[in-house]
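Subject: Structure for your reading

Dear colleague,

Please find below the structure that I am handing over to you.

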Amino acid sequence: MFNILAPIFGLIALAYASRKVNVLGPSAYIELNRFVASLALPALLFDNVAHVSPAQLHQPGFLGAFAVGALVVFAVPMLFGRKDRDFGDRALDGLSACYPNTGYIGLPLASLAYGPPSAPGATIAAVFTACVLFGIAIALLEWNLHRGHAFGVTVTKVGSSLVRNPILLAPIVALTVTMGLWEMPAWADRVMKLLAGSAGPCALVAHGLFLARDDPSNEKLWTLATKPRPLALVTLKLAAQPLLTAVLAVYAFGLSGMDAQLVVILSALPTGTGAFMLADVYKRDLALTSTVIMASTLASAVTLSVCLAVLPRLF
């Protein structure tokens, strides 16, 4: 377990320390995050989807367990949160509670823990997270922003936001390769593999830099982390979501072995930085979202260790 998790959290810690001692500048996380989100992570998703067979991607049980677990948890803060809290903030609370860091932590962790056989499942989870969960959150936030406007305006805004997202486009384009509609030239395949290889380490470094960013609200994060709302969201993310997913995986979708273990591990990941990106863009509760990301990332060093130790004995 240590050999699996140490490289993941080691890179995050190294990046955090590098910013704190000014080895990397205050804007480093912004540019590196942009590189990962625009080039490296789309290339990794493209490479994974393009080099697996349609049969490997056809895992309805895996997708069902992961998706239903995430969507149920997404709904909890929206349905049971305080009604005087703005709808947009409750939508972002739902995303923070269910949005696993599949791209930045999940893909490299799955590779280290389970090797190449984990690639199809990890890719399915990453694509669902980046496309479906992120897309639903954007739709809800846009709807909240444009309430009272024409329905077509909201649809256009949501559609344009999703169509321009390279993380969404990459696996869709890759499906044309998977289905044999065209064959990638060798040089293009090599470019994709080089970019894909940079995604894991660069994403982890970007995540560490994000946690260490220069932001006045950071001084309050340790205090906020003990408040009821962030504690509830972190508990939903690290405990309720993987537990629900485990029950669904075994009893509703009949998963076992590595598939069952992997879908639970991917559900148990800490909150991804996509939630922070939307909080920033839509001017929602940025301090709360940052707190949930920070607290869930730190706590996941323990919870993921427990999952990796216990799950092989259960499934």
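The largest nonpolar core of this predicted model has 87 residues, and those that touch the most other members are Leu41, Leu95, Leu109, Leu133, Val263 and Leu278. Helix α7, which covers residues 119–145, is the greatest contributor to this core, giving eleven residues. As general background, nonpolar side chains in soluble globular proteins tend to be buried together.

Leucine 41 touches Val36, Gly103, Tyr104, Leu107, Ile167 and Ala199, if residues up to four places away in sequence are not counted. Alanine 40 belongs to helix α2, which runs over residues 28–50. Is alanine 40 buried or exposed? Its relative accessibility is 0%, and because buried means under 20%, alanine 40 counts as buried. With residues up to four places away in sequence again left out, alanine 40 is in contact with Phe35, Leu195, Ala196, Ser198 and Ala199. Along the chain, alanine 40 and glycine 274 are 234 residues apart, while 15 Å separates their C-alpha atoms.

I turn next to the pockets. The largest pocket holds about 990 Å³ of space. Its lining consists of 39 residues, and Asn33, Ala37, Phe134, Gly274 and Met277 are the ones nearest the centre. Which element gives the most to this lining? The answer is α2, with eight residues. At least two residues of the lining come from each of α2, α6 (102–114), α7, α9 (166–178), α10 (186–211) and α14 (274–281). Sorted by class, the lining of the largest pocket comprises 22 nonpolar, eleven polar and six charged residues.

The second largest pocket has a volume of about 400 Å³. It is lined by 20 residues, of which Leu44, Leu107, Pro108, Ser111 and Leu112 are closest to its centre. Two or more residues of this lining are given by each of α1 (2–20), α2, α6, α7 and α10. How many charged residues does the lining of the second largest pocket have? There are no charged residues in it; 14 of the lining residues are nonpolar and six are polar.

When you view the model, you might begin with helix α2, where alanine 40 is placed, and then follow α2 into the lining of the largest pocket, to which it gives the most residues.

Yours sincerely,
A colleague

Conventions: Residues are numbered from 1 along each chain as its sequence is written. This is a predicted model: local features need pLDDT of at least 70, side-chain atom pairs count only at pLDDT 80 or more; totals for chains, interfaces and linings use all residues. Side-chain values use heavy atoms; hydrogens and water are left out. A nonpolar core is a set of buried Ala, Val, Leu, Ile, Met, Phe, Trp, Tyr and Cys residues joined through side-chain atoms within 4.5 Å. Buried means under 20% relative accessible area, exposed over 50%, partly exposed in between (1.4 Å probe, protein chains only). Helices (H or I, at least four residues) and strands (E, at least two) are DSSP runs, numbered from the N terminus. Contact means heavy atoms within 4.5 Å. On a 1 Å grid over the protein atoms alone, a cavity is a set of points where a 1.4 Å probe fits but cannot get out, and a pocket is an open set with protein on both sides within 12 Å along at least five of seven lines; lining residues have an atom within 4 Å of a point. Grid points are joined across faces, edges and corners, and a volume is the space filled by probe spheres set on the points. Ala, Val, Leu, Ile, Met, Phe, Trp, Tyr, Cys and Pro count as nonpolar, Asp, Glu, Lys and Arg as charged, and the others, Gly among them, as polar.
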